[in-house]
Amino acid sequence: MSQRAPETGIKVIIVGAGFAGLTAAIECHLKGHSVLVLEKFPELKPLGDVISFGPNAGRIMARWANGAVYDKLYPLLHRNKELNFYMWNGEFIVSQPVYPLNREAPSVNGHRGEIHEIIFNYAKELGIEIRLGYRVLEYLEDKERAGVQVNGETIWADVVVGSDGVRSKARELVLGYVDKPKSSGYAIYRAWLDSTPLLHDPLTKHLVESGDTHTGWLGPDVHFLAASVKDGKSFSWVCTHRDEGDIDESWSFPGKIEDALKVIDGWDPIARRIVELTPECVDWKLVYRDPLPTWISKEARTCLVGDAAHPFLPTSIQGASQAMEDGVVLAVCLQLAGKQDVPLAVRAYEKIRYGRVRKAQLLGEETRDMWHKADWNEVKKNPDIIKLKRDDWLFLFDCEKNTYEVWHETVKELNTAGGVENPAQSSAQPPLVNVH
Ligand SMILES: Cc1cc2nc3c(=O)[nH]c(=O)nc-3n(C[C@H](O)[C@H](O)[C@H](O)COP(=O)(O)OP(=O)(O)OC[C@H]3O[C@@H](n4cnc5c(N)ncnc54)[C@H](O)[C@@H]3O)c2cc1C
């Protein structure tokens, strides 16, 4: 709590207590703003399976409570030294070393529910008001304020943050229309399990018996990633494959183990055995979403963060990290602009974030295409081409420091453009289709 900056008097309503919403809440609180979080779930449940945060987001968590939050996370994390790639038939391709865990900017990979619970509890310890069972039905704004309608009341603030995920309602106010997801042609089977059955099977024992491992099998239009977590005690796998099914986005559709096995028919017996030993899996359909032209409302009193603004392809391994960076940047912009100029802060937030997020989204598409459409003769000559891209511009970035550094220049550019610049047109990156 000693980390908190002087109070700014800015009232912030945050809708959704996922990683985007909680980070925005914690960072806004630490920068001196007054925060109310509204979450539709009536209680906190450890939902989901494996989730990954790069060092760019680990840096944010590592600062909280002077490292005490990271100390709680550490025993729950995946702590491997390399990612080993194989062809679908089990032929070894290459081993990619991972960034070593360090306290300043660690990678944070583990169970989504477990990590979420620790961050949620930290927000509560800070004294942030989080109201569960509050499903926001409407977003409102005028030049002076923004508000929400929820549980029969209207609540107003200086700014409303829509961190309400891929099916965002806040997006409707920002865009002025409902944007519909489209089928992407891909789906993912996902599973999280206790490692004991793998430990007792000679084919899979080596994956869990001495600490954490990370293994990828790549095949035509399919990739299968498996990781042991918590010193080999837990295990997770994801299998991305072609699928024309067109169901709505969700994390909770049950999948069938026999269907997952069909996708990897004829593959390395080790990959198949992992699936055979799995009690249950989830079937997650990936749907396309066109990139949003803007993340902020007309009056710049409402903004989108996280998946609501920019859903990510899982192969980018940056969706949750970029969601966290959003909250940090927004909190700093509000602090620097002050209560009298909240719309400037919101515009600056978008301008600072938009190009970087696009660039990170592109990486996910590149990786998927590189893996699914690999020319194996080329890969055998140069195995490095299938390694995950772990560029310094992405991983070694300190979004808080950067926001303080670019603030004046950003405000100058916004003022020159009359404050109504369209980030989709001004971004250095070409428009792209993003996926979730
Ligand atoms: C239940 C669940 C499980 C997930 N599991 C995984 C996983 O295993 N692996 C992985 O990589 N990613 C997972 N994700 C997605 C991942 O958390 C996000 O892609 C990423 O962290 C960005 O987070 P976000 O906060 O933008 O969105 P989300 O994590 O989706 O959070 C959005 C939040 O907003 C709340 N909300 C939505 N509408 C309203 C409303 N009208 N009023 C109030 N609250 C609202 C939702 O209940 C949710 O808590 C999961 C998401 C959810 C919701």
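Buried residues have under 20% relative accessible area, exposed residues over 50%, and partly exposed residues lie in between (1.4 Å probe, protein chains only). The model is predicted, so local features need pLDDT of at least 70 and side-chain atom pairs count only at pLDDT 80 or more, while totals for chains, interfaces and linings use all residues. Residues are numbered from 1 along each chain as its sequence is written, and side-chain values use heavy atoms, with hydrogens and water left out.

**View 1. Salt bridges of R131.** A salt bridge places a side-chain nitrogen of Lys or Arg within 4 Å of a carboxyl oxygen of Asp or Glu. R131 pairs with E129, the closest N and O atoms being 2.8 Å apart. E129 is partly exposed at 39% relative accessibility, as is R131 at 22%. R131 also meets the side chain of E153 in a salt bridge (3.8 Å, N to O). This pair links distant parts of the chain, 22 residues apart: E153 belongs to strand 10 (residues 153–157) and R131 to strand 7 (residues 129–132); strands are DSSP runs (E, at least two residues), numbered from the N terminus.

**View 2. The K387 and D384 pair.** The side chains of K387 and D384 form a salt bridge (3.1 Å, N to O). K387 is partly exposed, with a relative accessible area of 21%, and D384 is partly exposed at 44%.

**View 3. A salt-bridge network.** K31, R63, D398 and E400 are linked in a network of salt bridges. The whole structure contains 32 salt bridges.

Notes
Helices (H or I, at least four residues) and strands (E, at least two) are DSSP runs, numbered from the N terminus.
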